[in-house]
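Good morning, everyone, and thank you for making the time.

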Amino acid sequence: MIRNYDKLIFEISKEGREGYSLPKNEFKEQYCPCALPANLKREAAPQLPQVTEFDVVRHYTNLSNKNFGVDTGFYPLGSCTMKYNPRINEEISSLPAFNLHPATPDDAAQGALEVYYNLAASLAEISGLSAFTLNPYAGAHGELTGLMIMRSYHAQRGDHKRTKVIVPDSAHGTNPASAAVCGLEIVEVKSTANGTVDVEDLKPLLDDTVAGIMMTNPNTLGIFETEIPEISRLVHEAGGLLYYDGANLNAVLGKCRPGDMGFDIMHINLHKTFSTPHGGGGPGDGPVGVRAGLEHLLPNPQVKKSDCGKFYLDCDEKSAGNVSNFLGNFGVILRAYTYILTLGRENVKMVGPLAVLNANYVKESLKEYYLLPIEGVCKHEFVFDGLVDKSTGVTTLDIAKRLLDYGYHAPTIYFPLLFHQSIMIEPTETESKETLDEFISVMKTVAREAKENPDVVKNAPYSTPVRRLDETTAARSPKTTYRQLVAE
Ligand SMILES: *Cc1c(COP(=O)(O)O)cnc(C)c1O
């Protein structure tokens, strides 16, 4: 039986029920927004559901229980780095002292500006670059910012014909998307059978119309790009810049630095590498760093420190532009800063090795059952190409759905596009051996089911609030209002 509070909130509405009432407006006309022009005022009251506060509490609490998060279970979503988010990060980011209006004058926001300045300095040290902006709101926004810097670099040198950006075929979809938004033309470079950028394929692409190359390292296959020194030499010789997509920085944290590898510009996803809850697409923050000589191109405003230790906002007229209204997602900045300080210099160096150990442990334990297209040591994540035994027709989608019945979030599926049945697994460094062993055992069970009773896997899931959805329609034409739903 469907309980009353499991229904849509509009369906349980009862004329006259109230959960909350606003105090009577005691202000005179001139003090209230009644000064709105008549054509902007409502003629009728909004048609909100009429429900009690208790109805609303139960409705949303039950909805939230249908959700799956990193705090409810193992979440091996490749590329997304769903690691543990320490509670102290939340505590610090909710301190009332940091609850500032974004337009607070510099003088009254010295503490917040100091956090911004210090985090930018830590990221510069971690990545081997010269300076960072924390203004972009996400990784993809960081990519756009970085490409704007690349474009401005060439434009300010009068080198206007550089309109192409080289992107590997294994790149995350945001790379070519950001390049397109930035008005650059995308040229694809192929990967070798080992999954790394093919230097021989790259060479003929390099000419005086190339603005630069975007590389992800470790790449989206979880593989370290070993040819970077050669690629760096070739691209720089051709007059281009090297952009580092740092979404996977997790894997090399404390081991090596993009700046030392020859990269000129990079972004970091604070919400991945430096732990912030980021399910469902946000919130995030995508700091962008540049090597020495490019600092003036960072977006405005920039946080600077005067000789007497005062923090202030500065604008450079040569900047590549403004990318956000204020100084990034400050709540995420606070969490990342807390995370770095609580780990400390020594433990930050353990993040990469542990992420790599966990990924290799899961990979080696399962490769007998799941097809491993690229052998060898991976970094923080790896990709299977479906089951080894494909004779029963069980697909990657079926496996992902079956995992939900066992209480696990599905890995990333059908990405990267290099294989037909990609299953991309990233366990992260914060999972225990016990959790990994349980997951390995469930993955083996699913592989066994696929062989012995394939229909069970093909019809999964059975235990979720909804079964298989038409995911294309759900993504392309979502019904987001009650009116759209009842219009059916
Ligand atoms: C997540 C990711 C991005 C995009 O970052 P967002 O913060 O989601 O915008 C870009 N590149 C790679 C490799 C990623 O994993």
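I will start with the protein chain as a whole and then turn to the ligand and its surroundings.

Please keep in mind throughout that this is a predicted model. The secondary structure of the protein chain comes to 15 helices and 12 strands, and its C-alpha trace spans about 75 × 70 × 45 Å along the principal axes. The radius of gyration is 25 Å, which agrees with a compact globule, because a globule of 488 residues would have a value near 23 Å. Of those 488 residues, 46% count as buried, and among the contacts with a separation of 6 or more, 68% are between residues 24 or more positions apart. The chain exposes about 24,500 Å², and 54% of that area is supplied by carbon and sulfur atoms.

Which residues, then, come nearest to the ligand? Of the 13 residues around it, they are Ser79, Gly139, Asp245, His271 and Lys272. In the case of Ser79, a polar side-chain atom lies 2.7 Å from an oxygen atom of the ligand, and for His271 an N or O atom in the side chain is likewise 2.7 Å from a ligand oxygen. Gly139 contributes through its backbone, where a polar atom is 2.8 Å from an oxygen atom of the ligand. Taken on its own, the ligand has 380 Å² of accessible area, and the protein covers 87% of it. Helix 4 (139-156) and helix 9 (270-273) are the elements that give two or more residues to the shell, with helix 4 giving the most, namely three residues. Sorted by class, the shell has seven polar, three charged and three nonpolar residues.

Terms used
Residues are numbered from 1 along each chain as its sequence is written. This is a predicted model: local features need pLDDT of at least 70, side-chain atom pairs count only at pLDDT 80 or more; totals for chains, interfaces and linings use all residues. Side-chain values use heavy atoms; hydrogens and water are left out. A residue is near a molecule or strand if one of its heavy atoms lies within 4 Å of it. A polar contact is a pair of N or O atoms within 3.5 Å; within protein, one must be able to donate a hydrogen and the other to accept it, and residues adjacent in sequence count only if both atoms are side-chain atoms. Accessible areas come from the Shrake-Rupley method with a 1.4 Å probe; for residues, only the protein chains shown count as cover. Helices (H or I, at least four residues) and strands (E, at least two) are DSSP runs, numbered from the N terminus. Ala, Val, Leu, Ile, Met, Phe, Trp, Tyr, Cys and Pro count as nonpolar, Asp, Glu, Lys and Arg as charged, and the others, Gly among them, as polar. The radius of gyration is taken over C-alpha atoms; the globule rule is 2.2 Å times the number of residues to the power 0.38. Buried means under 20% relative accessible area, exposed over 50%, partly exposed in between (1.4 Å probe, protein chains only). Contact means heavy atoms within 4.5 Å.
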